Amino acid sequence: MSRARQPPLVTGISPKEGAAWTKVTIRGENLGTGAADLIGLSICGHNCLLTAEWMSASKIVCRVGPAKDDKGEIIVTTKSGGLGTSTVSFKLIRPERIGILDQSAVWVDEMNYYDMRTDRNKGISPLSLRPSNPLGIDIDKGKIPQKDMELTFPGMSGDFTSENFSATWYLIDNHAGTSFEQLKIAASNLKKQATKKNEGSLAYVKGGLSTFFEAQDALAAIHQRLESDGTERVEGSMTQRLENILNRASDTADTLFQEVLGRKDKADSTRNALNVLQRFKFLFNLPLNIERNIQKGDYDVVINDYEKAKSLFGNTEVPVFKKVYAEVETRIRSLRSLLLEKLLQTPSTLHDQKRYIRYLSDLHAPGDPAWQCIYAQHKWILQLMQNCRDEFISGQRVGVGVLEAEGDTRPSALGRLSHTASLNRGGSLRTPRPSTWRFETPQQVQFVEKLSDVVIGQLPNFWKLWISYVNGSLFSETGEKSGHVEKSKKNARQRQNDFKKMIEELTNRLVKLIRGALLPTTLPQGELNLYGGWENKTELTGAWLTQIIHIVRGCHEALSALEIPNDLLQVIQDLLFELRVHCLMVTLLHTADDVKRLAEKEDWVVDNEGITSLPSQFEQCMAQMLQSLKEPLEIKPGEINVLQLEQVQDQASELSVSIMKVFINCLEQLSTETDGEMNTSHNISVDLSSPDRFTSIQEGFSPTSEQRLLIILSNCQHLERRTFLNLADHFEKHGFMGTEKITRVSMDAVRELDRKLFDAYIERRADPIAGSLEPGIYAGYFDWRDCQTPAGVRNYLKEALVNIIAVHAEVFTVSKDLVPRVLSKIVESVADEMCRLMQCVSSFSKNGALQARLELCALRDAIATYLNAESNSSFKLALDALPQLHNGADKKLLEEQLNKFKSSMQLQLTCFQPSCVQPVKR
């Protein structure tokens, strides 16, 4: 349970004496926790709770009532602390009573006029309203000269009633040495003043209570006296007789003092005239005050003074007042024109527009200033958008980094894509951008970015101005009371269709300007002159189109955040769809060009699998292309998947297939280059099963045409087995349809190229070997019908085997996977030629048949690893064409010679063995 609070203790009162209804400030301790906690306050025995204002636990403000005691204590009673005590006292001064006939002078202060319409004091100038100390703390004047302050704060003022008031100036000027704690107290005082701004009516009533009570008491006493006397109805009563005597005395005095009274009347007239001038000096000085306040920009003061003059003298019949008031009306008409001119000026902030509309409403300006402002802003935004296009077309804007009209080099409202991001979207195949790449941004991209900045910078305020116009928040309290709000809402309902057309025109203008720069073919021929004109500008790549899509999406999101209806923004969605499709097609077309240039990067360096870097570069190029399409193909809220449209699917598939064919054509062109066309600086890296085997092949040589064929063949196999399958996965991952068709057509094309290259290589290598057999067989006039006993395999066959071994080495150097395929075809060609030659011999002698069988068997056994069905059939037919061996001695001789041959050629024939050593891994 919390401890009870201490009882209130009053330790001071200011002033310490005064007449009844004097405003006093009471200070002390424990004076309550709030206004609700204060339940009693008496000064000199009189209850003053009705007029009390609780300020804090140490301060209360109230008015002293008409107490009976001349001097007494100040007693405060609270709920939390109970009945309090006082260490000070207050002295009540009794004013002298003034009789009915006693003269009395009362000064009426015209400076503080109480406006019943707005429940606040309004003066005719800021000086008349300015409190001496608005912060409620001690003033500590600074020593900074006025000229230095004006230079430090140009165009500003330390006068808090000025439109250009600077709080910093005021604090430096009046509280330069004030502590932070004091400034916190000042902030608290300002908050309290703000909470009491609506208490004017209550203060007014409290301030007039004493006068009201005294008047009521006086009237009641007179009424009671007359009722008790009852002589007012008796003819010839004492009062009647007294009245007659007084009238006669007055007539006699008038006769005696006629001249004196005449002078007195003249003096009274002069005095009355001076009194009128003094009393109504507000009206007489108003025209000049209006002019001065207009020059200072104090429009609120002008409006308050005008409202006061209109309420007092608007219907006056006094000629001099009518004349002065007519001059006031003339000044006010000029002010209306000035404010309307300022309202329609562009550019202007939303705050200024609302302020001028409120001023014009309070001045009862004719027409509808708010709608005039909306219409002017609409025309101005349209003009800004068109001027933006005209500047770029005329070539006045040459780079992103060029200073704007205001000298502002800050980044635009939309963030640009970074250098790294642009490379990640496929820029790696192009020359890296220098540090000044921002100055090389294409004109169309700069234009779209600037155009979006205009729309995002102006359209939100335009929309907010309309919303304020619809809900009536443009008008002050005076406007609400005068019916302007209802009138505005009624006008807004009538003009909804007009405003909708304005928004449609703005969005259509934005879309058409962007179409003219990027998609001119989508515009009607008649609009190209107005929105086109970009024919001589740089053609945009997919990366720049992606940046434009990002900018337009940001613009659409910014407008959607304003809760603008979706039907008004549909044209931007349509534009985004076409831009995404256009970006997709342009990226695919440019990728085909990039792939075509890959042939220049072929260095003919093969890895352990016989593959150069070309397939990997192609796959990387395609992967980067698809990655660059990630943002354009991304489906934002309200957008559709462009790849689901059949027409887009077909075009994308055709372009993707064309890219594949371009690369295959690139491989074919590389395979047909002559030695003279090749760059002799390119080397081939050789993988050998043993470094000592093929000593004739040295590093640093340029690939021959046959080696190029083998390398391309190896690349084709890699494309068919891996690359195209990997690309199919990439296409499916990025949502491409028709992947099966792309893969099928690509596979067919690369297989066709593989077949052509393989046939070309076999023709180059098999024909010379097969062609050398017949001359070798019949060298030295050899005759199958007349020959000696076989002494071994003849040299022509050994030469043929060495040539086959050379082919094996050449193929193995590139790719061991190609060896069985190539050697089988070579062997097939050789076997077919041997079969033909054997079948062409008309007859064999015994030794001739034995020699032929020896050579056929030696050849067949040497290359047995690479025999296929065709070559086996050829060898069988060739052997069948020979006479059969029936003698055991011949068979033994044949076996001995075969063993001798295999023994002598063991080292050479090792490469044909299945257990051949694997290539050395590097």
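Modeller: A search of the whole structure finds 29 salt bridges, a salt bridge being a side-chain nitrogen of Lys or Arg within 4 Å of a carboxyl oxygen of Asp or Glu. This is a predicted model, in which local features need pLDDT of at least 70 and side-chain atom pairs count only at pLDDT 80 or more, whereas totals for chains, interfaces and linings use all residues. Residues are numbered from 1 along each chain as its sequence is written, and side-chain values use heavy atoms, with hydrogens and water left out. Side chains of opposite charge can pair when their charged atoms come close.

I begin with individual pairs. The side chains of Arg389 and Asp390 form a salt bridge with an N to O distance of 2.9 Å. Arg389 counts as buried because its relative accessibility is 9%; buried means under 20% relative accessible area, exposed means over 50%, and partly exposed lies in between (1.4 Å probe, protein chains only). Asp390, at 32%, is partly exposed.

Two further pairs may be read together. Glu634 and Lys636 form a salt bridge in which the closest N and O atoms are 3.6 Å apart. Lys636 counts as partly exposed at 26% relative accessibility, and Glu634 counts as partly exposed at 36%. In the salt bridge between Lys816 and Asp817, the N to O distance is 3.6 Å. Lys816 has a relative accessible area of 33% and is therefore partly exposed; Asp817, at 40%, is partly exposed as well. Beyond such pairs, salt bridges link Glu706, Arg764, Arg765 and Glu810 in a network.

Helix 13 (residues 369-394) packs with helix 18 (residues 496-518) at an angle of about 5°, and their axes lie 10 Å apart. Helices (H or I, at least four residues) and strands (E, at least two) are DSSP runs numbered from the N terminus. The axes are lines fitted to C-alpha atoms, for helices over the stretch in contact, and angles run from 0 to 180 degrees between N-to-C directions. Helix 13 and helix 18 are therefore roughly parallel to each other, since angles under 35 degrees count as roughly parallel, over 145 as roughly antiparallel, 65 to 115 as roughly perpendicular and the rest as oblique. On the side of helix 13, the residues that make the contact include Trp371, Tyr375, His378, Met385 and Arg389; on the side of helix 18 they include Asp498, Phe499, Glu505, Arg509 and Leu513. Contact here means heavy atoms within 4.5 Å. By class, eleven nonpolar, two polar and four charged residues take part in the contact of helix 13 with helix 18. In this classification Ala, Val, Leu, Ile, Met, Phe, Trp, Tyr, Cys and Pro are nonpolar, Asp, Glu, Lys and Arg are charged, and the others, Gly among them, are polar.

Asp368 belongs to the loop between helix 12 (350-362) and helix 13. This residue counts as buried, with 14% relative accessibility. Neighbours within four places in sequence aside, Asp368 is in contact with Tyr469, Asn491 and Arg495.

The protein chain has 32 helices and 13 strands. Five strands form an open sheet of mixed pairing, in the order 6-7-3-1-10; two strands pair if DSSP finds at least two bridges between them. Strand 6 (53-56) and strand 10 (85-86) are the edge strands, each pairing on one side only. Strand 1 (residues 9-14) runs parallel to strand 10, to which two bridges join it, and Ser86 of strand 10 is the bridge partner of Val10.

Strand 4 (residues 38-43) pairs with strand 8 (residues 71-78) in the antiparallel sense over five bridges; there Leu38 stands opposite Thr78. Strand 4 is also joined by two bridges to strand 5 (residues 46-47), again antiparallel, with Ser42 opposite Asn47. Strand 4 and strand 5 form a hairpin with two residues between them, and Cys44 in the turn has a positive phi of about 60°.

Of the 922 residues of the protein chain, 43% count as buried. Among contacts between residues at least 6 apart in sequence, 76% join residues at least 24 apart.
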